[in-house]
Amino acid sequence: MALRIDYLTKETTRNFLRNPALTIGNVLTVAISLTLLGIALTVFWGTANLKAEAESEVSFVVWLKTEDNGVVLTDPELEQITQDLRAKMEANPFIKDLNYVDRDKTLSEVQRYFKDAPEIIALISPDVVPTSFVVTPSKPDISIVNQVKDSLSGAPGIDRISVATDVIKEETRIASYISWISGGFAVVAAFAATLLMYNSIRTAVFARRKEIEVMRLVGATKWFVRIPFMFEGLLQGVLGAVASGVSIFLVNFFINEMFTSIPKFSTFILNFGQETLIVIAMLLIGSLLGASAAGVAVSKYLDA
Amino acid sequence: MIKVEGVAKRYEGQARAALVQADIDIGKGEFVFLVGPSGSGKSTLLRLLTKQEEPDRGRIFVAGKDIGQMSSWKVPMLRRNIGNIFQDFKLLQTKTVAENVAFALEVIGRKRSVIASQVPQICSLVGLEDKMDKYPDQLSGGEQQRVSIARAFVNRPLIMLADEPTGNLDPQTSIGIMRLLDRINKTGTTVVMATHDRGIVDTMRKRVIELSHGNIVRDQHRGVYE
Ligand SMILES: Nc1ncnc2c1ncn2[C@@H]1O[C@H](COP(=O)(O)OP(=O)(O)O)[C@@H](O)[C@H]1O
Ligand SMILES: [Mg+2]
């Protein structure tokens with residue numbers, strides 16, 4: 001009554017060997033479509049890494065006052081304000097990093113920035129050049145940034161706080177855009193993988209429709225007919241997934257080789273855990289797709 | 001053993017009904033010829049008995065059970081009680097004689113030890129003990145039909161349905177097949193055989209049911225073809 005293991009292994013081995021071209025074709029189909037899917041996922045994850053990195057660069061500038069009610073602040077006064085502010089900000093748990101930019105540094109940056117416009121540089125008098133803190137919040141999150149900004153807004157000595165939210169938004173927007181495109185591509189690749197596998201397994205099932213007819217005629221149950229096909233589909237799916245897993249590791253290896261030297265892109269590289277997760281996903285998808293595609297394909301011949 | 005009551009069947013998209021009205025009662029151990037011209041509904045009637053087709057109306061009983069009421073998961077059990085043979089043998093070309101026969105036992109989950117003892121026994125019953133390792137394309141038509149009979153009978157079914165089993169065979173070979181079916185019938189198995197073969201029907205003198213345009217026009221004991 002029950003499906004016997006010896007029967008299952010015998011039939012599966014036999015069917016695998018009977019038409020090697022078809023078996024290899026199926027395995028390759030699975031391998032190629034899963035590799036496409038894996039590459040799409042790699043790009044998706046890589047851009048997510050990039051995006052996280054871009055967001056982690058979220059910092060803002062706290063500009064200090066150079067005068068108070070029209071009276072230019074003296075150096076000791078400025079020193080006091082700076083120290084008070086530094087203490088205040090160092091106590092704030094949402095601030096990860098503080099970087100003090102003094103007059104000279106600011107001035108040299110301004111000079112560099114306006115190096116093609118000396119007339120503007122000429123207008124700047126060195127003692128009105130403001131000093132500032134570059135603040136990096138604990139989390140690359142706009143709401144944290146705003147929270148930190150709000151907590152500082154009433155503090156004495158602060159002229160204004162400028163957050164480069166627009167720049168952040170632009171960078172993360174581009175990264176999101178790329179990851180959405182590759183995510184969409186992953187969905188399309190998964191869909192294509194399903195169709196390709198279904199189609200090739202259907203061909204294999206079609207070649208054996210007579211066998212199915214005989215099985216049904218002598219009283220085999222539907223599941224008895226279905227399971228060996230599903231097992232075969234599962235095995236082909238797993239083999240294809242293993243092959244695609246190897247290609248995905250290779251693709252990642254080349255990405256690694258190409259991108260490590262480019263500072264902006266080095267964060268794109270997936271870590272080993274991420275690569276392994278993608279390969280495990282390929283194995284699951286491959287076996288699931290293989291088994292269910294075979295199950296559906298066989299059911300077509302089980303009506304009678 | 002088989003009871004057909006007021007059964008009608010029209011295939012989808014077909015203008016004429018394949019069976020208009022069929023009422024048949026066949027007892028255990030009977031041997032029945034189903035005769036009639038091509039297209040008269042013989043094969044349809046046989047397929048209804050194994051639930052390969054469903055009737056439009058009427059009731060069919062096999063071994064006392066109304067198969068119209070039977071849930072689909074029980075259909076395999078019904079078929080294990082019915083052996084089928086065909087004009088085209090329906091053998092699997094990739095399997096040897098022994099494997100073709102064993103297949104019928106494997107797919108209903110029989111133990112390996114049972115298969116190992118049953119297969120040679122049934123192969124010698126049909127006279128193929130020396131050809132068990134041959135493939136179907138290495139056998140004559142008559143030998144192939146013997147394999148298919150062995151496969152249908154290895155389960156010791158209550159009923160054997162034969163759809164023109166001699167249709168592809170020469171008269172001499174056909175006689176051998178009929179002897180085999182007769183022997184199977186003698187073991188108590190009910191045999192229903194659709195045929196065109198006047199010579200066979202006339203010499204065997206069994207019960208003859210004649211179909212014409214989907215109607216039963218004659219039901220005669222110890223009958224002849226016409
Ligand atoms: N699967 C089918 N689909 C549609 N029509 C069919 C099918 N099988 C048989 N028929 C039709 O049903 C009628 C009876 O056919 P069949 O039972 O095969 O007769 P016989 O076996 O006596 O030659 C014929 O008109 C045939 O064309
Ligand atoms: Mg017919």
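A contact means that heavy atoms lie within 4.5 Å. On that basis, residues 24 or more positions apart account for 84% of the contacts in chain A with a separation of 6 or more. The structure is a predicted model, in which local features need pLDDT of at least 70, side-chain atom pairs count only at pLDDT 80 or more, and totals for chains, interfaces and linings use all residues. Residues are numbered from 1 along each chain as its sequence is written, chains are lettered from A and ligands numbered from 1 in the order in which they are written, and side-chain values use heavy atoms, with hydrogens and water left out.

**Chain A as a whole**

Helices (H or I, at least four residues) and strands (E, at least two) are DSSP runs numbered from the N terminus. Chain A has 10 helices and six strands. The C-alpha trace of chain A spans about 105 × 40 × 25 Å along its principal axes. Of the 304 residues in chain A, 39% are buried, a term for relative accessible area under 20%, with exposed meaning over 50% and partly exposed in between (1.4 Å probe, protein chains only).

Two packed helices are described by the angle between their axes and the distance between the axes. Axes are lines fitted to C-alpha atoms, for helices over the stretch in contact, and angles run from 0 to 180 degrees between N-to-C directions.

| Helix pair | Angle | Axis distance |
|---|---|---|
| α3(B) and α5(B) | about 25° | 8 Å |
| α5(B) and α6(B) | about 15° | 10 Å |

Because angles under 35 degrees count as roughly parallel (over 145 as roughly antiparallel, 65 to 115 as roughly perpendicular and the rest as oblique), α3(B) and α5(B) are roughly parallel. In their contact, V97(B), N100(B), V101(B) and A104(B) of α3(B) meet V147(B), A150(B) and R151(B) of α5(B). These residues divide into five nonpolar, one polar and one charged; Ala, Val, Leu, Ile, Met, Phe, Trp, Tyr, Cys and Pro count as nonpolar, Asp, Glu, Lys and Arg as charged, and the others, Gly among them, as polar.

Helices α5(B) and α6(B) are likewise roughly parallel. Here G142(B), Q145(B), R146(B), I149(B) and F153(B) of α5(B) meet T173(B), G176(B), I177(B), L180(B), L181(B) and I184(B) of α6(B). By class, this contact holds six nonpolar, four polar and one charged residues.

**Loop residues in chain B**

K95(B) lies in the loop between β6 (82–86) and α3 (97–106) of chain B. With 3% relative accessibility, K95(B) is buried. Neighbours within four places in sequence aside, K95(B) contacts E11(A), R14(A), N100(B), F103(B), Y135(B) and P136(B). K95(B) and P136(B) are 41 residues apart in sequence, and their C-alpha atoms are 7.8 Å apart in space.

K90(B) also belongs to the loop between β6 and α3 of chain B. Although not a glycine, K90(B) has a positive phi of about 55°, and K90(B) is buried at 13% relative accessible area. A63(B), in the loop between β4 (57–62) and β5 (65–66) of chain B, has a phi near 50°, a positive value in a residue other than glycine. A63(B) is partly exposed, with a relative accessible area of 38%.
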